[in-house]
Amino acid sequence: ITTTVNPTGAINADTISDIKFKAPRVNAARNRAVTANDYKALIEQNFAEAESVVVYGGENNIPPKFGKVIISLKPFDGFTISQSTKDAILSSVLQDKRVMAVIPEFVDPDFFFVNLVVNVGYNDKLTSLTSDDIKNLTISTVDSYFQNDLQGFDLDFNKSKLINNILNSTSSINSVIILIKLQKRNSLTLNDVNTFRGDDAINFDNGIQPGTIKSSRFFVLTDNVSTLSFMTDIPDTNPPSDTGTGTLVIKNATNDAILDNDVGNVVYSTGIINIGEFTPTSLPNTVSDFRMTASVQESFHNINANRNQILVRDRTTEDESIGRSAGLTVNVTKI
């Protein structure tokens, strides 16, 4: 047999531990969907293309959706499940098994992109590894942590565990300091008014540090001139307060001049950003989305993933021309 095209979307057979975990829930469901666990078990039993499934009552949604059960699926490839697949699950898996008074509703996963700066100190007398070797080993350890520990729903980022993994990767590493940022991504409608507020607000769901919010770049018209711009925050108090608020402004990306001194607001303790009306006219080349990035307050460095949230590593390549920082930066120092 000669392979001409590699398959996509295929998965390995369940392991013994997978079967031990899933089988009792499938048996408990008794081929009917009443509780959230019933829905999850039925979908996992009949839809193998989902890497992770989460189901929760609409009363736990933000904002609440009473009388509904919320379903979110993460595929093995890509970020979302197609609408045709969602319709097929409703009609072939759930339709005859669900309680009539409860309406299933699919929502896409809410991805939080984790941006890291990792500062590593090592003793070169204890190893033959070079600084570049230590850097590559650290990158590999970070990748393994996200791959093995954060590939689905209800999986939290544990800063201490990642630090221990890096320290244990070689005995020559004797210090690790990690700085954490979160990034949310959204689409923009060009040459039209865009807003992100209320139910559509950008929600980091974690405390963020005042003065650290920065968006990717976009063009706006200023005195009929197309101007490359970005959003940032200015704390409302001096000194800034982690429990206080800030005002969103639009700045000229070339000279930092303020173009709009009040385009929205942020509550730092919750990470909720409301953006009022702004009209982007275009995006820089290679840019297809609108990104907001902010440093996480130290007390939130263990990041919880709730409801349909999934934490993934930010794999952005640094490109200052479009206002993007590297998703992972590793600095190595001999100590």
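The tour goes from the sheet to the helices and then to the cavity.

This is a predicted model, in which local features need pLDDT of at least 70 and side-chain atom pairs count only at pLDDT 80 or more, while totals for chains, interfaces and linings use all residues. Residues are numbered from 1 along each chain as its sequence is written, and side-chain values use heavy atoms, with hydrogens and water left out.

Begin with the open sheet of three strands, whose order is β1-β2-β3 with mixed pairing (strands are DSSP runs of E, at least two residues, and helices are runs of H or I, at least four, numbered from the N terminus; two strands pair if DSSP finds at least two bridges between them). Select β1 (50–57) and β3 (103–106): these are the edge strands, and each has a single partner strand, so one side of each is left without a neighbour in the sheet.

Next select β2 (residues 68–75), which runs parallel to β3 and is joined to β3 by four bridges; Val69, for example, has Pro104 in β3 as its bridge partner.

Helix α3 (residues 83–94) lies across β2 and β3.

Finally, select Leu73, Thr80, Ile81, Lys86, Phe106, Val107, Asp108 and Pro109, which line the largest cavity (a set of points on a 1 Å grid over the protein atoms alone where a 1.4 Å probe fits but cannot get out, with lining residues having an atom within 4 Å of a point).

Methods. On a 1 Å grid over the protein atoms alone, a cavity is a set of points where a 1.4 Å probe fits but cannot get out, and a pocket is an open set with protein on both sides within 12 Å along at least five of seven lines; lining residues have an atom within 4 Å of a point. Contact means heavy atoms within 4.5 Å. Axes are lines fitted to C-alpha atoms, for helices over the stretch in contact, and angles run from 0 to 180 degrees between N-to-C directions.
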